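Good morning. Please look at the sequence and the model first.

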Amino acid sequence: METLIIGGSGQLGSELLKIIPQSIGTFRNNNSGGIILDLIDTRSIRKLIVGLKPKVIINTAALTNVDLCEKDKKSAYTINAHAVREITMAAEDLGAYLVHVSTDYVFDGADGNYDEDAIQNPINYYGLSKLLGDSHACTYDNSLVIRTSGVFGLKGNFPRFVLDSLKNNKGINVVNSYYSPIHARMLARQMKIVMERKHTGILNIASERVSRLELANRICDIFDLNKELINEASESSLNWVARRPKDSSLNIDRSLSILGKGYSSIDANIKMMGEE
Ligand SMILES: NC(=O)c1ccc[n+]([C@@H]2O[C@H](COP(=O)([O-])OP(=O)(O)OC[C@H]3O[C@@H](n4cnc5c(N)ncnc54)[C@H](OP(=O)(O)O)[C@@H]3O)[C@@H](O)[C@H]2O)c1
């Protein structure tokens with residue numbers, strides 16, 4: 001095996017598994033094939049990975065439910081931070097190339113357009129636990145931290161919620177915050193390119209900045225749905241447990257200079273939902 005993809009069942013992990021040659025995924029249970037690894041069991045991680053001897057390790061696994069992270073900080077810390085420390089130590093033991101996936105939620109959202117050097121200031125525990133994980137990955141010189149935003153694919157994400165609701169003529173309430181959402185398949189393709197070039201450090205890979213209201217309207221345009229079903233809502237009306245950044249959009253100038261402009265178009269990313 002050349003490449004170990006941790007989090008093989010996730011939106012991003014499952015897309016990477018399809019396109020990275022000689023890759024194998026890890027899964028929390030054995031329903032999906034691949035290697036069983038529960039990141040809660042932090043003592044097993046390093047030994048298991050070192051025994052497999054991958055040349056490349058990609059960590060896409062995380063506790064991504066933002067409200068659950070706020071309610072269960074211990075699990076969030078273990079999976080998003082402590083486990084990354086163990087994965088990083090395994091990569092160092094092997095001299096393997098480590099690619100770790102981070103989030104726009106490490107920023108407070110006061111300014112938006114965050115570049116790779118922007119100062120992090122998370123406002124919820126998901127963001128804090130991910131930032132702690134990033135800091136572990138960054139201690140290893142042969143690592144790349146991909147910072148991304150609003151990953152969407154088949155399940156559990158805002159664009160899919162919009163598409164499914166509107167197709168079923170259900171009204172939706174949308175908080176008009178900004179981010180840089182990218183389809184998991186588009187992200188996987190761009191990651192493959194930068195990984196082949198063995199980039200290290202931090203790199204933002206995301207789409208162009210868009211508000212959730214604009215995004216919902218673009219989904220209506222592209223899939224010919226009824227815009228009257230979209231209502232603007234306040235954050236307080238949605239009963240979220242954790243606070244969300246108002247503008248967590250990422251500056252993607254660096255990745256555009258490496259990858260070209262095509263990947264970041266919001267319409268191109270939305271249209272990928274029609275291919276599923
Ligand atoms: N989704 C977003 O909007 C977003 C935005 C910015 C950055 N990111 C980052 O991008 C990466 C990929 O996100 P995604 O959307 O693909 O996430 P996802 O679909 O929620 O997948 C998360 C993966 O982590 C695995 N996982 C969770 N807890 C685990 C545990 N205890 N042991 C082993 N595996 C565990 C999940 O396994 P199960 O299927 O068994 O739960 C799943 O394979 C993450 O690092 C995330 O922080 C995501």
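Helices, as I use the word, are DSSP runs of H or I with at least four residues, strands are runs of E with at least two, and both are numbered from the N terminus. Threonine 78 sits in helix H4, residues 73-94. This is a predicted model, where local features need pLDDT of at least 70, side-chain atom pairs count only at pLDDT 80 or more, and totals for chains, interfaces and linings use all residues. Residues are numbered from 1 along each chain as its sequence is written, and side-chain values use heavy atoms, with hydrogens and water left out.

Is threonine 78 buried or exposed? Threonine 78 counts as buried because its relative accessibility is 14%; buried means under 20% relative accessible area, exposed over 50%, and partly exposed in between, with a 1.4 Å probe and protein chains only. Its side chain reaches the backbone oxygen of lysine 74 at 2.7 Å. Leaving out residues up to four places away in sequence, threonine 78 touches Leu39, Ile40, Thr42 and Ala83, where contact means heavy atoms within 4.5 Å.

Leucine 39 leads us to the ligand. A backbone N or O atom of leucine 39 lies 2.8 Å from a nitrogen atom of the ligand. For leucine 12, a backbone N or O atom is 2.9 Å from a ligand oxygen atom. In glutamine 11 it is a side-chain N or O atom that lies 2.9 Å from an oxygen atom of the ligand.

How many residues surround the ligand? There are 25, and the closest are Ser9, Arg28, Thr64, Tyr126 and Lys130; a residue counts if one of its heavy atoms lies within 4 Å. Strand S5 gives the most to this shell, with three residues.

Now the core. A nonpolar core is a set of buried Ala, Val, Leu, Ile, Met, Phe, Trp, Tyr and Cys residues joined through side-chain atoms within 4.5 Å. The largest one has 33 residues, of which Leu16, Met191 and Ile205 touch the most other members. Helix H7 gives the most to this core, with six residues. Leucine 16 touches Ile5, Ser23, Ile58, Thr60, Ala188, Met191 and Met195, again not counting residues up to four places away in sequence. A second, separate core has 28 residues, among them Ile35, Cys69, Ala76 and Ala83.

Key. A polar contact is a pair of N or O atoms within 3.5 Å; within protein, one must be able to donate a hydrogen and the other to accept it, and residues adjacent in sequence count only if both atoms are side-chain atoms.
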